[in-house]
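Good morning, everyone, and thank you for making time for this short talk.

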Amino acid sequence: MYKVKVFVTLRESVLDPQGNAVKHSLHSMNYNEVSDVRIGKYLELSIEKSERPVEEVVKEMCERLLANVVIEDYRFEIEEAVAQ
Amino acid sequence: MKFAVIVFPGSNCDIDMYHAVKDELGCDVEYVWHDEKSLDGFDGILLPGGFSYGDYLRSGAIARFSHVMKEVIKAAEAGKPVLGVCNGFQILLEAGLLPGAMRRNESLKFICRPVQLKVENNQTMFSQGYEQDEVITIPVAHGEGNYYCDEVTLASLKENNQIVFTYHDVNPNGSLSNIAGITNKAGNVLGMMPHPERAVDELIGGADGLKLFQSIVKQWRESHVVNA
């Protein structure tokens, strides 16, 4: 069993209206050291071991559904979970 | 000519679409549930607006993998007219039938009001009833209609005259190049954020959307009915 953490964010080249709104709010609270805010999604998947390498399966799922690669980037971390 | 209105869990403009086709256009139309495995017998496919699957993950991302979408893709490849409005447009983008993607509106607000559109290309099966550069009024109602594509895709949309409608004067959502509606390269798949099915009767504020449906029927009759 694997525990997989997937992070999906808008690509650098794509304006993030939500992130911009949060950045302005932080500036209005005098956190002037903030130069950029990007808002994304965080997904946790539990994946059973199969014949296919888990990296390959996760990458495919990200490309096909979890991220829209036209506007989003993704990265993931895989941990092998110890049986309870 | 017989139309299918595809219904997903969370669609909410399906009844308006049905009404527009049945009562205002005067054509045959049936609802088709998202897990149907055939679209045989339908000549035109309509994907209505709404919040399919609650917009979970991304607008249209989950609907895109429903059974019926395999058939919608087949119909599109066979050259049948496919119209996606609002959430229907988002589903067509996710399905790869149209290029690009949707972002949240620049204002981060849900917008719901009539907007003016310019007909950028009246040489499509969806827009031949309009004059070139005609300005029409159609309502929008969306939170994610901020169209985006990369520069190469935009250049190709322009080169192939795939941009059918743009926002006139005021861009309500921040979309790239004021894009409101685009077709695929073949010209038989149209996605648009504004709702033509909500503008089919003067009684409810305007009928500028009706010509879009009439255009589809005219094209179909010319190619399918002898002595039309």
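I will start with how to read the model, then turn to the annotated site, then to one of the chains, and finally to the salt bridges.

What you see is a predicted model, in which local features need pLDDT of at least 70 and side-chain atom pairs count only at pLDDT 80 or more, while totals for chains, interfaces and linings use all residues. Residues are numbered from 1 along each chain as its sequence is written, chains are lettered from A and ligands numbered from 1 in the order in which they are written, and side-chain values use heavy atoms, with hydrogens and water left out.

Let us begin with the site. UniProt, in an unreviewed entry, places the feature "active site" at Cys86(B), His195(B) and Glu197(B). These residues are spread over 112 residues of sequence, yet they cluster in space, with a largest C-alpha distance of 11.0 Å. A word of care: UniProt positions are given in the numbering used here, feature names are shortened, and annotations may be inferred rather than shown by experiment.

Where does Cys86(B) sit in chain B? It is found in the loop between strand 4 (82-85) and helix 3 (87-94), where helices (H or I, at least four residues) and strands (E, at least two) are DSSP runs, numbered from the N terminus. His195(B) lies in the loop between strand 11 and helix 5 of chain B, and Glu197(B) is found in the loop between strand 11 (189-192) and helix 5 (210-224) of that chain.

Is Cys86(B) buried or exposed? Cys86(B) counts as buried because its relative accessibility is 6%, given that buried means under 20% relative accessible area, exposed over 50%, and partly exposed in between (1.4 Å probe, protein chains only). His195(B) is buried as well, at 1%, and so is Glu197(B), at 2%.

Leaving aside neighbours within four places in sequence, Cys86(B) is in contact (heavy atoms within 4.5 Å) with several residues, including His142(B), Met192(B) and His195(B). Under that condition of four places, Glu197(B) has contacts that include Cys13(B), Asp16(B) and Phe213(B). The side chains of Glu197(B) and His195(B) are joined by a polar contact of 2.7 Å; the term stands for a pair of N or O atoms within 3.5 Å, where, within protein, one must be able to donate a hydrogen and the other to accept it, and residues adjacent in sequence count only if both atoms are side-chain atoms.

Now to chain A, which has 2 helices and 3 strands, in the order β-α-β-α-β along the sequence. Its C-alpha atoms fill a box of roughly 50 × 30 × 15 Å along the principal axes, and buried residues make up 27% of its 84 residues.

Finally, the salt bridges, each being a side-chain nitrogen of Lys or Arg within 4 Å of a carboxyl oxygen of Asp or Glu. The structure holds 14 of them over all chains. In one of them, Arg58(B) meets Glu72(A) at 3.7 Å, N to O, and this pair crosses between chains, from the loop between strand 3 (44-47) and helix 2 (67-77) of chain B to strand 3 (residues 72-80) of chain A. Both residues, Arg58(B) and Glu72(A), are buried, and they belong to a network of salt bridges that also links Lys41(A) and Glu94(B).
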